[in-house]
Amino acid sequence: MSEAAANAAVPDVRDPAPGHHGHGGIVKLTLGAIGIVFGDIGTSPLYAFRETFHGHHRLPVDKLHVLGVLSLIFWSMMIVVTLKYVTILMRADNKGEGGSLALLALIARKTESASWGKSIVLLGVFACALFYGDSMITPAVSVLSAVEGLVIVQSGLQPFVLPIAVGILLGLFMIQRHGTAAVGTLFGPVMAVYFAAIAILGAISIASAPGVIWALNPLHAVWFFTTERVHAFVALGSVVLAVTGAEALYADMGHFGRRPIKAGWLFVVLPCLMINYLGQGALLIRTPGAIESPFFMLAPDWFRLPLVLIATAATVIASQAVISGAFSVTQQAIHLGFVPRLRIEHTSESVASQIYIPAINYALMVMVIALVLAFRTSSNLTAAYGIAVTGAMFIDTCLLAVVLFTLWNWNRLLAGAVLALFFIVDTSYFAANLLKVPSGGWFPLLIGFIAFTFLTTWAKGRQLLRNQLKHGEIPIELFIKSATGSASRVPGTAVFMTSQADGVPHALLHNLKHNQVLHERSIFLKVAIEDVPFVEEGKRFDVEDLGQGFFRITLHFGFMQEMNVPEALAGIRCCGLPFKMMDTSFFLSRQTPLATKDIRGMALWREKLFAWMMRNAESPMEFFSLPANRVVEMGSQVKI
């Protein structure tokens, strides 16, 4: 489908307001996108082409196979990246934000009454779970493949490859707490130098064997499959490495906007990548023995060490993007109710999206280092790479099907044809990567299933807990009438945090039971996380006057926003006097779930897992930025 057809068939979604992305023209934003968004897919030439011939399922290094693989790489980029993600999926934004969770929230809001809605939600959650497996492998394979270039420079450096790679990765994770604002401005220029270098090296190589350009003809991919059916299918498991990171273009759309990412891909990244791949192909046609490391052997001897340094810098930037992506996805999952509250630190005073989550950072660090030490080479790691990516791509296509048929109401024949193409490509890649399961592909699948279990257990446990708390609720009118006549009133404001939109907060009932007093002004406060990334200032709160000094307030936050409750309350002027923190007490109700076989719910082991997650969740006081000296916690035990 042409871009003109896409523009006609899909409602044009304007890029988010410039204030959301920061100031600057399209060139500046495009340079920023090149530095952040394209790191993963941009460093694929380090290993993708090599592994197709030199990996666990080797191919003969001859002209037929070289041109066939290059044709597969080019058309995979065109179908998966250019058509699927850049042209179509990037228009399916949720108020400017992209990614599986943002798309899932958009779909769930539009199809909540549909009978298949829950299945789509589970698919989206599983895509999020697979992302965690991918985010562990990407830094390991990227940095290790770059450092291995030292062996091409000097074979005697082989013993130092692992220690150097581990040291770089340790340093990368240890600086996360300080943020990347200071060095972030260098990401764009460094990646621009990297892309220029690999394009120049590729072009020089192509000049000596210009016939390799014929690989862009899709017939070479067809001939490859017709002559080498089994080998061609197996090769897909390595070819897909060339498009890993495509989902990052969609996920990072909220930071830069659709147009800068599209421009960066079409006019810079795609040409540079294909020139380099074609250059590697030309090198192998001339010198089949260069298959050991065609990326670094493109460079003359004098430039190989500088190329190693440039590539290592690029892989560090790519790894940083993946780590930041893991923080961002986790924050979204917390706000959407799939992950327990975790401590989130903001590392920049001016950029709200720059966050640091210690628990995720250290978990990733341990797993990434363990992967490097266990697999030892990037070639071994690529056996574990790809299955999580192809699984997530397949799920994105399933979500896209809902968008095309339900939200955009495309012509059914056109939508069916486009989706058929995507499903054929995605299922072929996923099936080919299943062959990798015994040699390492089991790892991201295991991580994905573990993460999926945690995500769904937390969501289901919260639902069961809410249902239990609803039993025996007192109507608010009856409570106010009876309580105001029997309890003493004391000066000040009491804010009772609650997750319910009606009824009486349990913290208030416990306070009244034990202290037998009511404050002059009692606020029932619910924090609602909307399925949009940002809530406009004028729609941030709803206030209901219940009478007798009781008010019900609902604060609305987007799933990308920081939830600072005192700051939000300070902007409310319709509850009598302004909120003064020194005159305000916050009452929290902390429930301790008790796993039991007596009540229908989850399996006992999942109830115990949920109870453990509740005990280790971040305190609401810190999560909602409440002043520590103004918080009172009231505890209770609840059977689930």
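Is cysteine 128 buried or exposed? Cysteine 128 is buried, with a relative accessible area of 4% (buried means under 20% relative accessible area, exposed over 50%, and partly exposed in between, using a 1.4 Å probe and protein chains only). Keep in mind that this is a predicted model, in which local features need pLDDT of at least 70, side-chain atom pairs count only at pLDDT 80 or more, and totals for chains, interfaces and linings use all residues. Residues are numbered from 1 along each chain as its sequence is written, and side-chain values use heavy atoms, leaving out hydrogens and water.

Let's stay with the cysteines. A search of the whole structure turns up zero disulfides, a disulfide being a pair of cysteine sulfur atoms within 2.5 Å. For cysteine 128, the nearest cysteine sulfur belongs to cysteine 398 and is 16 Å away. Cysteine 398 is likewise in no disulfide, and it counts as buried at 14% relative accessibility.

Now turn to a pair of helices. Two packed helices are described by the angle between their axes and the distance between the axes. Here, helix H6 (residues 63-88) and helix H22 (residues 412-434) have axes that come within 12 Å and cross at roughly 130°. Axes are lines fitted to C-alpha atoms, for helices over the stretch in contact, with angles running from 0 to 180 degrees between N-to-C directions. H6 and H22 are therefore oblique to each other; angles under 35 degrees count as roughly parallel, over 145 as roughly antiparallel, 65 to 115 as roughly perpendicular and the rest as oblique.

Terms used. Helices (H or I, at least four residues) and strands (E, at least two) are DSSP runs, numbered from the N terminus.
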